[in-house]
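Here is a briefing on pockets and aromatic contacts. Look over the structure, then read the points below.

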Amino acid sequence: MIYLRLFWEFFKTGLFAVGGGLATLPFLSKMGSNYGWFTQTELANMLAVSESTPGPIGINMATYVGVTAGGLPGGLLATLSLVLPSYLVILAVAKVMERFRENAYVQGAMRTLRPASVGMVSAAVLGVLQSVLLRMDAVAALQWTNMVALPSLLLFLVLLAFYLKFNKLHPVVILAIGAAAGIVLQL
């Protein structure tokens with residue numbers, strides 16, 4: 001049953017997560033809370049690992065969740081079912097796109113997908129920032145003085161300033177500095 005659920009959840013994610021790997025985060029967050037395959041903290045860790053490993057973020061995260069929930073077969077199934085909708089849609093679109101390229105409805109649909117993608121990615125970014133920078137137990141208890149994870153916030157601000165000052169650096173350097181600081185500070 002776990003394999004059928006993995007297939008269906010990642011198929012839906014691949015079908016509706018328009019905008020790239022970060023657009024899968026709201027779907028993954030819901031999966032974690034619905035099925036208990038991972039916590040929100042583990043989701044943030046998965047994102048960090050997926051960002052720092054080669055390959056598309058969405059695929060890396062699907063593989064990670066699939067392996068966590070269903071072992072190696074689960075990882076393969078989650079990965080394949082995530083990319084299957086894109087493959088099928090591209091095949092269908094390629095067959096009819098040439099004929100409808102100038103159609104006003106098609107152009108309108110494409111224009112409206114862009115802001116939807118930005119919204120989904122923005123929601124994912126806010127979710128990650130929330131899980132990294134806030135202590136949700138303190139937020140739930142309205143403990144105002146303990147809500148912000150100060151070491152994480154300071155590290156985030158330092159790395160952001162470092163990136164803005166030295167934006168010619170490769171992102172891997174920034175990730176390596178962040179990983180080293182996280183290990184040293186035990187964040």
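The largest pocket holds about 1700 Å³ of space. The model is a predicted one: local features need pLDDT of at least 70, side-chain atom pairs count only at pLDDT 80 or more, and totals for chains, interfaces and linings use all residues. Residues are numbered from 1 along each chain as its sequence is written, and side-chain values use heavy atoms, with hydrogens and water left out.

**Largest pocket**
- A pocket is an open set of points on a 1 Å grid over the protein atoms alone, where a 1.4 Å probe fits, with protein on both sides within 12 Å along at least five of seven lines.
- Its lining counts 41 residues, those with an atom within 4 Å of a point.
- Leu47, Ala48, Val128, Val132 and Phe156 lie nearest the centre of the largest pocket.
- Two or more lining residues come from each of α2 (25–35), α3 (40–52), α5 (104–133), α7 (150–165) and α8 (171–185).
- Helices here are DSSP runs (H or I, at least four residues), numbered from the N terminus.
- The lining has 28 nonpolar, 11 polar and two charged residues.

**Second largest pocket**
- This pocket contains about 510 Å³ of space.
- Of its 21 lining residues, Gly14, Leu15, Ala17, Val18 and Ser86 are the closest to its centre.
- α1, α4 (57–100) and α5 each give two or more residues to the lining.
- The most come from α4, with 10 residues.
- By class, 14 are nonpolar, seven are polar and none is charged.

**Aromatic contacts**
- The whole structure has four aromatic pairs (ring centres within 6.5 Å).
- The Trp8 and Phe11 rings are stacked (planes under 30 degrees apart), with centres 6.4 Å apart and planes at 15 degrees.
- Both residues lie in helix α1, three residues apart, about one turn of the helix.
- Ring pairs link Phe7, Trp8 and Phe11 into a cluster.
- Phe166 is partly exposed, at 40% relative accessible area.
- The charged end of Lys165 sits over the ring of Phe166, 5.8 Å from its centre; the cut-offs are NZ within 6 Å of the ring centre and within 35 degrees of the ring normal.

**Confidence**
- Mean pLDDT (the predictor's confidence in each residue, from 0 to 100) is 82, and 98% of residues reach 70 or more.
- Among the elements, helix α6 (residues 136–140) has the lowest mean pLDDT, 70, and helix α1 (residues 2–16) the highest, 89.

Key: Rings of Phe, Tyr and Trp (its six-membered ring) pair if their centres lie within 6.5 Å; planes under 30 degrees apart count as stacked, over 60 as edge-to-face and the rest as tilted. Buried means under 20% relative accessible area, exposed over 50%, partly exposed in between (1.4 Å probe, protein chains only). Grid points are joined across faces, edges and corners, and a volume is the space filled by probe spheres set on the points. Ala, Val, Leu, Ile, Met, Phe, Trp, Tyr, Cys and Pro count as nonpolar, Asp, Glu, Lys and Arg as charged, and the others, Gly among them, as polar.
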